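Q: I'm new to this structure and would like to learn how to read it. Could we go through it feature by feature?

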Amino acid sequence: MLSLIVSEGKDLTKEEKQRLRKEKKQQKKIKEKKDDKASQENEKEKKPVTSAAPASQPPTQPTPTKTKAELKAERRARQEAERASKQTKKGETGQQAATSKPKAPPSDLQPVVKRLPEHIQVDNPDVLKKLAKKLERQQIPLRSDYGYKVSLFSHLHQYSRKAPLTQQLSIPSTVIHPAIVRLGLQYSHGIVAGSNARSVALLHAFKQVIRDYTTPQNEELSRDLVNKLKPYISFLNQCRPLSASMGNAIKYIKKEISNIPSNCKEDEAKNKLLNCIESYINEKIILAGVAIAKCAIEKQKISDGDVILVYGCSSLVNHILCKAFEKNRKFRVIVVDSRPRLEGKEALRRLVQKGISCTYVLISAVSYILPEVSKVFLGAHALLANGYVMSRVGTSQIALVAKAFNVPVLVCCETYKFCDRVQTDSFVSNELDDPDDLIVTRKGTTPLEGWENESSLGLLNLVYDVTPPDFVDLVITELGMIPCTSVPVVLRVKNVDQ
Amino acid sequence: MELQAVLMAAGGGSRMTDLTYNTPKAMLPVGNKPLMWYPLNLLEKVGFEEVIVITTKEVQKAMSTDLKIKDVKMKLDVVSIQEDGDMGTADALRHIQPKIKTDILVLSCDLITDVALHEVVDLFRAHNATMAMLMSKAHEFTETVPGQKGKKKTAEQRDFVGVDKSGKRLLFMANEADLEDGLSIRKSIMRKHPRMLIKTGLVDAHLYCLKKAVVDFLTENKSISSIRGELVPYLVRKQFSKTVNSQKLKDDTDDQTQEKNDGPLLISSRDEPLLQLAQERSCWNDHRGDMSEAYHGGKLRCYVHIMDQGLCCRVNTLAAYIEVNRLAPKLFEEPSVHPSADISERCQMGSDSIIGAVCHIADKTSIKRSTIGNFTTVKEKVKVTNSIIMHGVTIEEGCNIQGSVICSNAVIGRGADLKYCLVGNGQHIEPEGKSKTNILSNGQ
């Protein structure tokens, strides 16, 4: 066969190559089917099928020259063989054989089927069973969902803050390191909120875990420590779904741990890991923030006389504005806020403390206030691989209205928040917060008090939404100012580096 | 390890001497189990594996023979201290300081509760608090107490507890005895927490989660001898002290000396800058409306969990003892009659009575709403109502016992009629003796 490839002209070798690929695939499939069929009952019927398959192949065994007509004839022969096999086999296995075979020839590239993550398959009982088994193995309690879920989002988890995971843990927690339990509690109570804060707190907790870790006998640090971290990560996931930045930080740490050479002494290895974590935080979070601020200020993205609109409380955007104010730029800020979190109040406090003159509105007044605005600065929770920006719910609304008013929208995001997920809507993957947060008491009455008893009422407290790249004019990262569509490029470059 | 449990079982029961002059408080039977079994059970249910028990030699001896305590699966590290010494609870902590390696959970042996402990510990963990404690709404005791003639006026002095509007942060704590002219609250507290709820009807459960730094602080400050009386009010006051927040030396000599002593209290963990960074970047604040950061920048924080439902009782008075005997058995799903008890068929027993091991209950007896201890003999025609009979008691025929407490090894003579009495250890009541609201014991 190889000699054929060498001797023939270009077209033929291409066809030859295609044919070779198809044959290899068919052979593989036949092998798989043989294994399947071997365990099944109707073995006798398989023989004609299997004999048919290789029978169809020998004619395709190449004589050097093949015209298009001959290829067509081969395809027809194959299809007839499959039809014959369908008739002999009335069971499902026949269908499998039939459907998979014709699929193989047309597509050269096998579609890569990614497994759906379990946290967006909550309405699938099999997935839930698998999750329960996994958690049981890791000795972590399963947190049960709370309340009626709106049907569009019934595939997501919804937890109640009044039922913390620690209820089911033993109090001097032995299975999970105390620093991780504390962190999980702080996540679920919302004491540590915001992408950067969560990542920093996570790395701080990991530092303590590494400090208290001792390698057991006959184990290697590089493998055992990674296994120790897995239940902790499951626990944190149960307390609050992991953010994209946390995911990237965890990947980095796992890589660093597994790269530790086996002849390294334990103390040295631990020190090395602690230094790695320190340098990661320093580079990716602190210095990146400084670089972004510098970039934004020097490139005149914040100029005198500007009216800047910010939404919610983004640590990075607050940092940029404070730095710009220190450099004596004259601008004022409009803080837009939304219920139920009312994070804008915290942003307002920090900006006013610095001395920046601010205005505070709720998101319902955005179209009223936008004619005054010259720029919109938004923070991001993650930047997806197709250029969409995932951020606090309400961000896409602001970007939309700003676009309608022709106001430039700038998103500030560090590169460690870039993730290779692809999403075009806010339904597929999101986070549902505690629905009881929406209940508010005004003038002594609580209208939504008994909402669980109303069968037709569901409370939805979404956390994130995605903004399409058409509404975002610029993304400011520490690598510079890039358009939204360059995110996959950055990701690719990062992967190559790693 | 996250938390070490410390059980204080050396208390003398000074407010119920009639019960405790012979039996140490920690071993008083409640529902036929020794009093200290209840906090041990609470710790065991939650998942503790080791407890440090601080107690006297007497109690230690009694513990080693008690079956129920032997049943406890946790490892009990018993530290005995001098009985007569004037050791307060804080002194005891100082005594065991070398054993303390991490944050501690201090319990008193007379606490009977069904609280979900994670509520208290979660406050301690989530807010990185220096102290977290448990309090409960006080319930009036409805049972008549033996030896009390007429309604007892609350001679106990009230505790004033100030919490912020979320009901979790402890802002103010003082006992009526310490307040001479009236309640004075510092302006700095009012500025930081404009809404404060002051509650007086709360019972302190004597359950504290303390940071290790506090124990180290105690070793340097030998003047503090009681946790409840001195340490807790001190910590609550220190939350708003200027030296803690501003870290500048004050002109007052008082504060200067205090600042030196505060050193261990304000020990920051390693990686403090990282924690600071995480807090700065987090968009959370515990209060709204002023310009200060979360927790007003205070490093020392005290939290309280106030139980409004469920049982939480401290057995330090006779009234509490009687109340708890009524309620405690309901906490557990145990059969009310011990299998080894020998009860004759013609005995009328109410469903809320408890009979201990190896008891002999004869015919024609009526036992209602009572607790009968182990090795007790009750002869014929005895009527026991609303009473607590401890271990090894012999009740002769024809007695009528109502609303009373009969301590261990007492003998009640034939035909005695006791109403709301307390019979001390080993006492003999003469046959045909009549007694009403009397305390008959040697301890008087």
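Q: Which residues have the most contacts inside the largest nonpolar core?

A: In soluble globular proteins, nonpolar side chains tend to be buried together. A nonpolar core here is a set of buried Ala, Val, Leu, Ile, Met, Phe, Trp, Tyr and Cys residues joined through side-chain atoms within 4.5 Å. Buried means under 20% relative accessible area, exposed means over 50%, and partly exposed is in between (1.4 Å probe, protein chains only). In this predicted model, the largest core has 71 residues, and B:L19, B:M36, B:L43, B:I112, B:L117 and B:Y321 have the most contacts inside it. There is also a second, separate core of 48 residues, which includes A:L131, A:A205, A:L274 and B:A278.

Q: What does B:L43 touch?

A: A contact means heavy atoms within 4.5 Å. Leaving out residues up to four places away in sequence, B:L43 touches B:A5, B:F48, B:V51, B:M74, B:L105, B:L107 and B:L117.

Q: Is helix α2 of chain B mostly covered or mostly uncovered?

A: Helices (H or I, at least four residues) and strands (E, at least two) are DSSP runs, numbered from the N terminus. Helix α2 of chain B, residues 37-46, is mostly covered, with 8 of its 10 residues buried. Among them are B:W37, B:Y38, B:P39 and B:L43. After α2(B) comes B:G47, with a positive phi near 125°.

Q: What are the numbers behind this model, and which residues do they count?

A: Residues are numbered from 1 along each chain as its sequence is written, while chains are lettered from A and ligands numbered from 1 in the order in which they are written. In this predicted model local features need pLDDT of at least 70, side-chain atom pairs count only at pLDDT 80 or more, and totals for chains, interfaces and linings use all residues, while side-chain values use heavy atoms, with hydrogens and water left out.

Q: How many helices and strands are there in chain B?

A: Chain B has 13 helices and 32 strands. Its C-alpha trace spans about 75 × 45 × 40 Å along the principal axes.

Q: What radius of gyration does chain B have?

A: The radius of gyration is taken over C-alpha atoms, and the globule rule is 2.2 Å times the number of residues to the power 0.38. A compact globule of 444 residues would come out near 22 Å; chain B has 25 Å, which agrees. Of those 444 residues, 54% count as buried. And when you take contacts in chain B between residues at least 6 apart in sequence, 55% join residues at least 24 apart.

Q: How many positive and negative side chains does chain B have?

A: Lys and Arg count as positive and Asp and Glu as negative, with His and the chain ends not counted. Each charge is placed at NZ of Lys, CZ of Arg, CG of Asp or CD of Glu. Chain B has 58 positive and 57 negative side chains, and the centres of the two sets lie 3 Å apart.

Q: Where does B:E432 lie, and what is its phi?

A: B:E432 lies in the loop between β30 (428-429) and β31 (434-436) of chain B. Its phi is near 60°, a positive value in a residue other than glycine. B:E432 counts as exposed because its relative accessibility is 60%.

Q: Which peptide bond is cis?

A: That's the one from A:R339 to A:P340, with omega near -5°. You'll find A:P340 in the loop between β2 (331-337) and α13 (344-354) of chain A.
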